[in-house]
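The structure is shown first, and the account follows.

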Amino acid sequence: MSEEKKLPDPSGIKEEILARYPAKIARKRAKSMIINDPKLDQEIQSNVRTIPGIITQRGCTYAGCKGVVLGPTRDIINLVHGPIGCSFYAWLTRRNQTDPGTDGENFMTYCFSTDMQDDNIVFGGEKKLKEAIQEAYDIFKPKAIGVFSTCPVGLIGDDVHAVSREMKEKLGDCNVFGFSCEGYKGVSQSAGHHIANNQLFRHVVGLDDTPPEGRFNINLLGEYNIGGDGFEIDRIFRKCGINVVCTFSGNSTMGAFENSHTADLNLVMCHRSINYMAEMMETKFGIPWMKVNFIGAESTAKGLRKIGEYFEDEGLKAKIEEVIAEEMPAVSDVAERARKKTQGKLAMLFVGGSRAHHYQELFRELGMETVSAGYEFGHRDDYEGRKVLPTIKVDADSRNIEELKVEADPERFNPRAEDIKLETLQAKGLEVSDYRGMMPDMADNSLIVDDITHWETEKLIEFYKPDVFCAGIKEKYVVQKSGIPLKQLHSYDYGGPYAGFEGAKNFYADIEKILSTTIWKKLKAPWLDRPSTDPCICAEYVS
Ligand code: CFM
């Protein structure tokens with residue numbers, strides 16, 4: 001964002017939007033719509049219940065636990081205890097890729113469910129769950145089975161943890177553990193992330209003490225290999241001589257989780273979904289964590305340099321510079337060509353809990369401005385930075401999610417970076433155990449909206465007339481019908497990878513293409529020419 005160019009003042013449109021809500025709703029929504037001033041500490045209301053009746057972008061707690069955090073790991077059987085619809089919904093709907101090449105085990109393409117029926121709801125489903133675990137084990141002999149609770153499981157009181165314990169004992173060589181991740185458990189999928197982190201930490205991390213073979217051993221946390229992002233990041237790490245012990249959880253395995261406490265540094269990509277794991281590993285095993293963003297070529301280079309600084313190794317630093325110098329020219333070529341179309345164009349981003357921030361980097365590299373952005377389910381720390389953590393109010397909904405009590409492991413706690421070293425790194429401007437959030441990086445007068453509603457989306461599109469709107473499949477066609485191209489930032493519209501250097505090139509080229517077509521502007525809704533009371537319109541356009 002160029003300093004001299006100020007964005008339009010959205011206070012008028014904010015008032016107009018709020019004026020249509022009942023007074024109580026308007027008061028609530030006003031706190032989630034902030035006109036940004038990066039110089040100020042502004043509070044944004046987030047991670048609170050969605051207002052019933054508005055059209056939200058959010059998903060459920062089960063989606064965050066089963067689909068997001070555990071879903072991308074190939075050698076665990078993720079068994080859903082619930083009606084078949086919940087399993088079908090989560091079956092291959094997220095583009096997390098995997099490479100089963102070396103070990104061959106990949107259960108990700110299967111859909112495992114207990115297929116609860118009415119009589120299980122009335123008489124209980126534990127027996128059926130035990131049978132399902134046994135059946136899955138007999139057929140596949142997996143290393144691990146995760147059991148995921150759906151809403152009815154919590155309502156009828158089936159104890160997935162007791163069943164899992166019993167079956168783990170019975171099977172002997174299979175790690176069986178459950179998740180109380182009923183869809184309604186939290187206000188969004190964010191609660192599911194936390195539950196998933198807790199159970200992975202409790203049941204898996206630390207089971208294998210084998211020392212890693214690399215010299216610079218890291219874990220990559222919060223990278224789910226959507227569209228092959230993780231493959232590209234791994235390629236860059238390999239080139240630099242950095243050894244990834246474990247990725248949480250893209251293209252990952254149970255063995256990698258079990259061994260992950262042996263790494264010397266945790267890199268956090270998606271802060272929202274995995275910060276719990278970073279904190280717990282730091283407390284128990286002494287592994288420091290740093291926030292990185294491998295979305296955007298410049299921020300990829302920055303992330304790599306942070307690793308070099310952390311390990312304080314001249315050889316590694318030189319290798320990293322060599323890799324950056326090798327990769328960057330091709331990236332700049334594509335960016336330069338794309339900028340002919342993209343320079344000065346406007347973007348709006350409403351996605352998840354981290355990409356609405358991360359992808360602003362790529363747009364910046366294209367010379368584009370982000371006029372408005374928001375998360376579906378981010379918390380205040382994702383917007384305002386972790387400095388606000390002590391001031392976040394714990395409400396009944398967040399209290400509902402277990403906080404693990406974690407202490408230093410008496411034998412295995414190993415402080416990788418002494419306090420003094422962390423201070424040196426911080427003095428160099430490296431964020432250690434910290435995340436500054438999205439708001440400080442956004443322009444003055446940009447509008448930040450948490451859990452944006454459908455009505456707000458439509459009005460803001462009218463106001464900003466962005467050149468591209470980034471969201472997901474639920475928003476895609478509505479936005480495109482209003483004449484604005486929509487780029488999906490969850491699934492990448494079947495494109496990608498967008499991470500790292502290769503990913504940046506792909507993204508530049510895709511946005512260039514999107515901005516090169518005028519097709520969306522040519523669309524005209526039939527009711528704009530004819531009165532909406534005309535009964536023929538429905539008949540014509542439905543048939
Ligand atoms: Fe993290 Fe994600 Fe995201 Fe997320 Fe997601 Fe996703 Fe996302 Mo969709 S873990 S918060 S729960 S970066 S599935 S890979 S794209 S909403 S912005």
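Asn-251 is found in the loop between strand 7 and helix 11 (254–259). The model is a predicted one, and in it Asn-251 has a positive phi of about 50 degrees although it is not a glycine. Strand 7 (residues 242–249) also includes Ser-249, which is joined to Phe-248 by a cis peptide bond with omega of about 0 degrees.

A positive phi is also found at Asn-225, again not a glycine, with a value of about 55 degrees. Asn-225 is placed in the loop between strand 6 (216–223) and helix 10 (229–240). Is this residue, Asn-225, buried or exposed? Its relative accessible area is 0%, so Asn-225 counts as buried. Another cis peptide bond joins Gly-496 and Pro-497, and Pro-497 belongs to the loop between strand 14 (486–488) and helix 21 (500–515). As background to these features, most residues other than glycine have a negative phi, and most peptide bonds are trans.

| Site | Angle |
|---|---|
| Asn-225 | phi about 55 degrees |
| Asn-251 | phi about 50 degrees |
| Phe-248 and Ser-249 | omega about 0 degrees |
| Gly-496 and Pro-497 | omega about -5 degrees |

The largest nonpolar core comprises 108 residues, and the members that touch the most others are Phe-237, Leu-304, Phe-363 and Tyr-508. Helix 14 (residues 314–342) contributes the most to this core, namely nine residues. A further core of 23 residues lies apart from it, and its members include Ile-17, Tyr-21, Val-449 and Leu-486. In soluble globular proteins, nonpolar side chains tend to be buried together.

Phe-363 also draws attention to helix 15. Beyond its neighbours within four places in sequence, Phe-363 is in contact with Ala-347, Leu-349, Met-368, Thr-370, Val-468, Cys-470, Phe-507 and Ile-511. Why is helix 15 (residues 355–365) largely enclosed by the rest of the structure? Nine of its eleven residues are buried, and the helix is therefore largely enclosed. Among the buried residues of helix 15 are Arg-355, His-357, His-358 and Glu-365, together with Tyr-359, Leu-362 and Phe-363. Gly-367, which follows helix 15, has a positive phi near 75 degrees.

The ligand is surrounded by 14 residues, of which Arg-94, His-193, Cys-270, Ser-354 and His-490 are the closest. By class, this shell consists of six nonpolar, six polar and two charged residues.

The second largest pocket has a volume of about 950 Å³. Its lining has 35 residues, and those nearest its centre are Asn-47, His-379, Ile-392, Lys-393 and Ser-398. At least two lining residues come from each of helix 9 (189–203), helix 12 (271–285), helix 16 (380–384) and helix 17 (396–399). Helix 12 supplies the most, with five residues. The lining of this pocket divides into 13 nonpolar, ten polar and twelve charged residues.

Three cavities of 30 Å³ or more are present in the structure. The second largest cavity holds about 70 Å³ of space. Which residue classes make up the lining of the second largest cavity? Six charged, three nonpolar and three polar residues form this lining. The lining residues include Lys-28, Arg-29, Arg-49, Arg-58, Asp-450 and Asp-451, along with Val-48, Ile-51 and Ile-54.

Conventions
Residues are numbered from 1 along each chain as its sequence is written. This is a predicted model: local features need pLDDT of at least 70, side-chain atom pairs count only at pLDDT 80 or more; totals for chains, interfaces and linings use all residues. Side-chain values use heavy atoms; hydrogens and water are left out. A residue is near a molecule or strand if one of its heavy atoms lies within 4 Å of it. Ala, Val, Leu, Ile, Met, Phe, Trp, Tyr, Cys and Pro count as nonpolar, Asp, Glu, Lys and Arg as charged, and the others, Gly among them, as polar. On a 1 Å grid over the protein atoms alone, a cavity is a set of points where a 1.4 Å probe fits but cannot get out, and a pocket is an open set with protein on both sides within 12 Å along at least five of seven lines; lining residues have an atom within 4 Å of a point. Grid points are joined across faces, edges and corners, and a volume is the space filled by probe spheres set on the points. A nonpolar core is a set of buried Ala, Val, Leu, Ile, Met, Phe, Trp, Tyr and Cys residues joined through side-chain atoms within 4.5 Å. Buried means under 20% relative accessible area, exposed over 50%, partly exposed in between (1.4 Å probe, protein chains only). Helices (H or I, at least four residues) and strands (E, at least two) are DSSP runs, numbered from the N terminus. Contact means heavy atoms within 4.5 Å.
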